[in-house]
Amino acid sequence: MKNAILRRLLLGRRLARVEQKKRLYDEPRTPSEIVDHQIERFNAVWEKCWQTIPFYRHWRETHRLPKAIQQPGDLDGFPVLTKAVLQAHEDLVFQGGKIRDSISTGGSTGVPTRFPVDLGHRDDEYASLYAARAWWGVEPLDDTVLF
């Protein structure tokens with residue numbers, strides 16, 4: 001009973017994402033279906049990026065990138081986005097301080113690089129982690145020991 005209440009109140013959104021991720025692996029997909037899914041997901045994320053994040057709007061316009069791709073090979077026309085580019089355009093990436101949530105590299109190559117994250121980032125990490133653990137019978141809130 002206590003576990004059920006905890007699950008519903010504290011982890012409802014995360015648990016729903018875990019189930020959604022697990023369903024991605026439930027049905028076998030053909031290579032063509034996988035590619036179609038990847039193109040669909042890329043286009044959805046890419047559109048959100050260039051429409052809402054000034055850096056990606058700048059990047060798309062500067063490099064004359066398409067609004068969407070039709071096949072994976074279309075990505076060959078995209079320039080490599082490096083840490084140095086992100087560091088040089090940090091003001092655009094973080095929208096002049098509007099975005100505050102970020103993750104950071106350790107800076108092993110010199111200067112740490114910050115990457116913005118949205119509120120769903122941690123939920124997505126959690127969902128991916130438990131979708132993989134589910135293959136071994138480990139579910140959220142199971143007692144576990146990590147070494």
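Q: Helices here are DSSP runs of H or I with at least four residues, numbered from the N terminus; between which two helices is the loop where R64 is found?
A: This is a predicted model, and R64 has a phi near 50°, a positive value for a residue other than glycine. Most residues other than glycine have a negative phi. As for its place in the chain, the loop with R64 runs between α3 and α4.

Q: Is R64 buried or exposed?
A: The cut-off for exposed is over 50% relative accessible area. R64 comes in at 79%, so it counts as exposed.

Q: What is the phi of L141 near?
A: L141 sits in the segment after α6 (121-134). With a relative accessible area of 26%, L141 is partly exposed. Its phi is positive, although L141 isn't a glycine, and lies near 70°.

Q: Which element gives the most residues to the largest nonpolar core?
A: That core has twelve residues, among them I39, W46, W50, F55 and W59. Two or more residues come from each of α2 (31-52), α3 (54-62) and α4 (83-88). The top contributor, with three residues, is α2.

Q: Which residues does F55 touch, not counting those up to four places away in sequence?
A: F55 belongs to the largest nonpolar core, along with V85, L86 and V93 among others. Once residues up to four places away are set aside, F55 touches L81, V85, L86, H89, L92 and V93.

Q: How many residues are in the second, separate core?
A: Nonpolar side chains tend to be buried together in soluble globular proteins. L15, in helix α1 (residues 2-24), is buried with a relative accessible area of 15%. The second core includes L15, together with L11, V18 and A127, and its size is six residues.

Q: How far apart in space are L15 and N43, C-alpha to C-alpha?
A: L15 is part of helix α1. In sequence, L15 and N43 are 28 residues apart. In space, C-alpha to C-alpha, the separation is 26 Å.

Q: At about what angle do α2 and α3 pack?
A: The axes of α2 and α3 lie 5 Å apart. Angles of 65 to 115 degrees count as roughly perpendicular. The α2/α3 pair falls in that class, because its angle is about 100°.

Q: Which side chain is joined to that of T113 by a polar contact of 2.7 Å?
A: T113 is in the loop between β1 (102-104) and β2 (114-116), and it's buried at 1% relative accessible area. Beyond its neighbours within four places, T113 is in contact with K83, Q87, I103, S104 and T105. The polar contact of 2.7 Å is to the side chain of Q87.

Technical notes: Residues numbered from 1 in each chain as written. Predicted model: local features only at pLDDT ≥ 70, side-chain atom pairs only at ≥ 80, totals over all residues. Heavy atoms only, no water. Core = buried A, V, L, I, M, F, W, Y, C linked by side-chain atoms within 4.5 Å. Buried < 20%, exposed > 50% of the residue type's maximum accessible area, 1.4 Å probe, protein only. Contact = heavy atoms within 4.5 Å. Axes fitted to C-alpha atoms, helices over the stretch in contact; angles between N-to-C directions. Parallel < 35°, antiparallel > 145°, perpendicular 65-115°, else oblique. Polar contact = N/O pair within 3.5 Å; in protein donor to acceptor, adjacent residues only side chain to side chain.
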